[in-house]
Amino acid sequence: MDLRETLIIVLSGMIGTVGFSILFKSDKKRILCNAIGGALTCLVYVVCCYFFDKIFLQNFFPALFVTAYAEVMARIVKAPATPILACSVIPLVPGGKLYYTTYYLVIGDNVKFDTTLSETLQIAAGLAVGIICISVIVHEANRHKAKKILEVD
């Protein structure tokens, strides 16, 4: 993949993220935050595609990144992390793969159905596991922090 293709992917991710941010009625501060998150997530995805052959890993590491990004940005802009994450992860969502999986099922092409279903599930699993890993770490850190505060008082 050359630099031109990478820029197209990153800009497309950014534009798509802005669209979803507007759809989710994010305020202007969060739209910029989401757009940067979408662009960076696409960049991490492109880098992971270069280093990893496994679809799961190509989506796991960007999911880790975007979740950590959402948590950090949520503290900076004083907003919940979930809407930032929901918009910034949009470029990774396997919409096209899901469409073709359904299409091949409907037309009865079992070989292509099996292939695209496997790829779609690997993408979804990579995203879910990446998001869960960071979310659990943040949750436990917050719980430990709250417990420590309560012990002092």
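A contact, or touch, means heavy atoms within 4.5 Å. The model is predicted, and for this reason local features need pLDDT of at least 70 and side-chain atom pairs count only at pLDDT 80 or more, whereas totals for chains, interfaces and linings use all residues. Residues are numbered from 1 along each chain as its sequence is written, and side-chain values use heavy atoms, with hydrogens and water left out.

**Figure 1. The protein chain has six helices and zero strands.**
Helices (H or I, at least four residues) and strands (E, at least two) are DSSP runs, numbered from the N terminus, and reading along the sequence gives the pattern α-α-α-α-α-α. The C-alpha trace spans about 65 × 30 × 30 Å along its principal axes. When contacts between residues at least 6 apart in sequence are considered, 63% of them join residues at least 24 apart.

**Figure 2. Helix α2 has buried residues that pack against α1, α3 and α4.**
With its 24 residues, α2 reaches 35 Å from its first C-alpha to its last, which is close to the 34 Å expected at 1.5 Å a residue (the expected span is 1.5 Å times one less than the number of residues). The buried residues of this helix are I31, C33, N34, A35, G37, G38, A39, T41, C42, V46 and C48. Their packing partners are α1 (3-23), α3 (55-77) and α4 (81-88).

**Figure 3. T41 is a buried residue of α2.**
T41 lies in helix α2, and T41 counts as buried because its relative accessible area is 0%. The T41 side chain reaches the backbone oxygen of G37 at 2.6 Å. Leaving aside residues up to four places away in sequence, T41 touches P62, F65, V66, S88 and L92.

**Figure 4. A nonpolar surface patch includes F51.**
The patch covers about 710 Å² and is made by L32, I36, L40, L43, V47, Y50 and F51. Patches are made of residues with over 30% relative accessible area and no salt bridge, where like charges are joined within 9 Å and nonpolar side chains (Val, Leu, Ile, Met, Phe, Trp, Tyr) within 5 Å; a salt bridge is a side-chain nitrogen of Lys or Arg within 4 Å of a carboxyl oxygen of Asp or Glu. F51 lies in helix α2, which runs over residues 28-51, and F51 counts as exposed because its relative accessibility is 59%.

**Figure 5. K25 and K78 are loop residues.**
K25 is placed in the loop between α1 and α2, where this residue has a positive phi of about 60° although K25 is not a glycine. Its relative accessible area is 75%, so K25 is exposed. K78 is found in the loop between α3 and α4 and has a positive phi of about 55°, although K78 is not a glycine. K78 counts as exposed because its relative accessibility is 74%.

**Figure 6. E71 and N59 are placed in helix α3.**
E71 has a relative accessible area of 16% and is therefore buried. A polar contact of 2.8 Å joins the side chains of E71 and R75 (a polar contact is a pair of N or O atoms within 3.5 Å; within protein, one must be able to donate a hydrogen and the other to accept it, and residues adjacent in sequence count only if both atoms are side-chain atoms). Not counting residues up to four places away in sequence, E71 touches A81 and V138. N59 is buried because its relative accessibility is 3%, and N59 touches Y45, L92, I123, G126 and L127, again without counting residues up to four places away in sequence. N59 and T17 are 42 residues apart along the chain, and their C-alpha atoms are separated by 17 Å.

**Figure 7. L117 lies in helix α6.**
Helix α6 holds residues 110-152, and L117 is partly exposed because its relative accessible area is 30%. L117 and V44 are 73 residues apart in sequence, and the C-alpha to C-alpha distance between L117 and V44 is 24 Å.

Technical notes:
Areas by Shrake-Rupley, 256 points an atom, 1.4 Å probe, with all protein chains shown as cover. Buried < 20%, exposed > 50% of the residue type's maximum accessible area, 1.4 Å probe, protein only.
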